[in-house]
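My entries follow in the order I made them.

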Amino acid sequence: MIGLGTIINTASIIGAGIVGHFAGNLFKEEQQESVGRVCGISVLFIAIAGAMEGMLKPDGGALTATNTMLVVICVVLGTVIGELMRIESWFISFGEWLKKKTGNEGDRNFVNAFVTASLTVSIGAMAIVGSIEDGISQDYTTLALKSVLDFVIIVVMTSSLGKGCAFSAIPVFVFEGCMTLLAHLISPIMTAAAVANLSMIGSILIFCVGVNLVWDTKLRVANMLPAVILAVMAGLLPI
């Protein structure tokens with residue numbers, strides 16, 4: 001069944017949000033803050049592993065850094081495009097709309113929780129590669145594995161940031177569902193280099209999400225999303 005992986009992943013996030021909501025009530029405010037930091041550290045290491053897989057290559061008995069210029073160009077140029085388009089404001093507007101429609105106007109952290117969780121679980125390499133595999137060969141193994149990881153991440157995030165995290169199931173469902181449905185159109189042009197670039201840049205963006213969680217900074221990660229498209233385009237160039 002095409003799309004089963006998306007359904008499993010969406011259901012896991014919803015379930016995690018419910019569990020995390022009740023688990024969060026068991027912790028005091030400082031404990032929730034501590035859990036949030038730990039969640040950010042976990043996200044950082046997941047992102048580092050994904051990025052280094054694309055940037056470090058074996059050369060004899062040593063590791064050599066590669067694709068550094070590609071990273072700089074994609075991330076910087078992609079961020080410029082995203083800032084001009086104000087992509088993050090779209091996420092925030094949708095989050096505000098969700099907050100009103102779900103009766104959570106009194107939750108001051110709802111939008112931040114929604115945006116942070118959405119960026120964490122939506123733009124990773126597993127989401128994209130898994131959706132393509134599901135669409136082409138109906139193999140939902142990657143998305144099923146991602147569902148387990150997302151369950152843990154969203155439980156922890158919801159317990160510390162709030163129930164807005166559970167609504168990240170919506171962009172996950174839309175993004176992975178569209179990727180799965182369009183897989184037959186994308187597969188002929190998605191070279192191995194394009195997939196590798198996408199995975200590497202996506203991991204770097206997730207790293208930025210982790211930075212926001214750990215250090216309470218405000219990197220506008222959604223505005224960096226065009227970097228992913230630029231990375232795919234670079235992988236399609238005949239060089």
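**Entry 1: Val228**

I looked up Val228 and found that it counts as buried because its relative accessibility is 13%; buried means under 20% relative accessible area, exposed over 50%, and partly exposed in between, with a 1.4 Å probe and protein chains only. This is a predicted model, so I note that local features need pLDDT of at least 70 and side-chain atom pairs count only at pLDDT 80 or more, while totals for chains, interfaces and linings use all residues. Residues are numbered from 1 along each chain as its sequence is written, and side-chain values use heavy atoms, with hydrogens and water left out.

Val228 sits in helix 11; helices (H or I, at least four residues) and strands (E, at least two) are DSSP runs numbered from the N terminus. Leaving aside residues up to four places away in sequence, I find Val228 touching Leu198, Ile201 and Leu205, where contact means heavy atoms within 4.5 Å.

**Entry 2: helix 11 against helix 10**

How do helix 10 and helix 11 pack? I read an angle of about 155° between helix 10 and helix 11 (residues 226-236), and their axes are 7 Å apart. Helix 10 is therefore roughly antiparallel to helix 11. Axes are lines fitted to C-alpha atoms, for helices over the stretch in contact, and angles run from 0 to 180 degrees between N-to-C directions. Angles under 35 degrees count as roughly parallel, over 145 as roughly antiparallel, 65 to 115 as roughly perpendicular and the rest as oblique.

The crossing of helix 10 with helix 11 is right-handed; a crossing is right-handed if the near helix is turned clockwise from the far one by less than a right angle, and left-handed if anticlockwise. On the helix 10 side I listed Ala193, Ala194, Asn197, Leu198, Ile201 and Leu205, which meet Ala227, Val228, Ala231, Val232, Ala234, Gly235 and Leu236 in helix 11. By class, the residues of this contact are 11 nonpolar, two polar and no charged. Ala, Val, Leu, Ile, Met, Phe, Trp, Tyr, Cys and Pro count as nonpolar, Asp, Glu, Lys and Arg as charged, and the others, Gly among them, as polar.

Which elements cover the buried residues of helix 11? They include helix 3 (68-85), helix 4 (87-101) and helix 10. The buried residues themselves are Pro226, Ala227, Val228, Leu230, Ala231, Val232 and Gly235.

**Entry 3: helix 10 elsewhere**

I then checked helix 3 against helix 10: their axes come within 11 Å and cross at roughly 65°. Leu70, Val71, Cys74 and Val75 of helix 3 meet Asn197, Met200, Ile201 and Ile204 of helix 10. I count this contact as seven nonpolar, one polar and no charged residues.

Ser203 also lies in helix 10 (residues 192-215). Ser203 counts as buried because its relative accessibility is 6%. Beyond four places in sequence, Ser203 touches Ala47, Gly50 and Ala51.

**Entry 4: helix 5 and helix 8**

Helix 5 (residues 110-122) packs on helix 8 (residues 169-181) at about 30°, with axes 9 Å apart. The two helices are therefore roughly parallel to each other. Phe114, Ser118, Val121 and Ser122 of helix 5 make the contact with Pro171, Val172 and Phe175 of helix 8. Its residues divide into five nonpolar, two polar and no charged.
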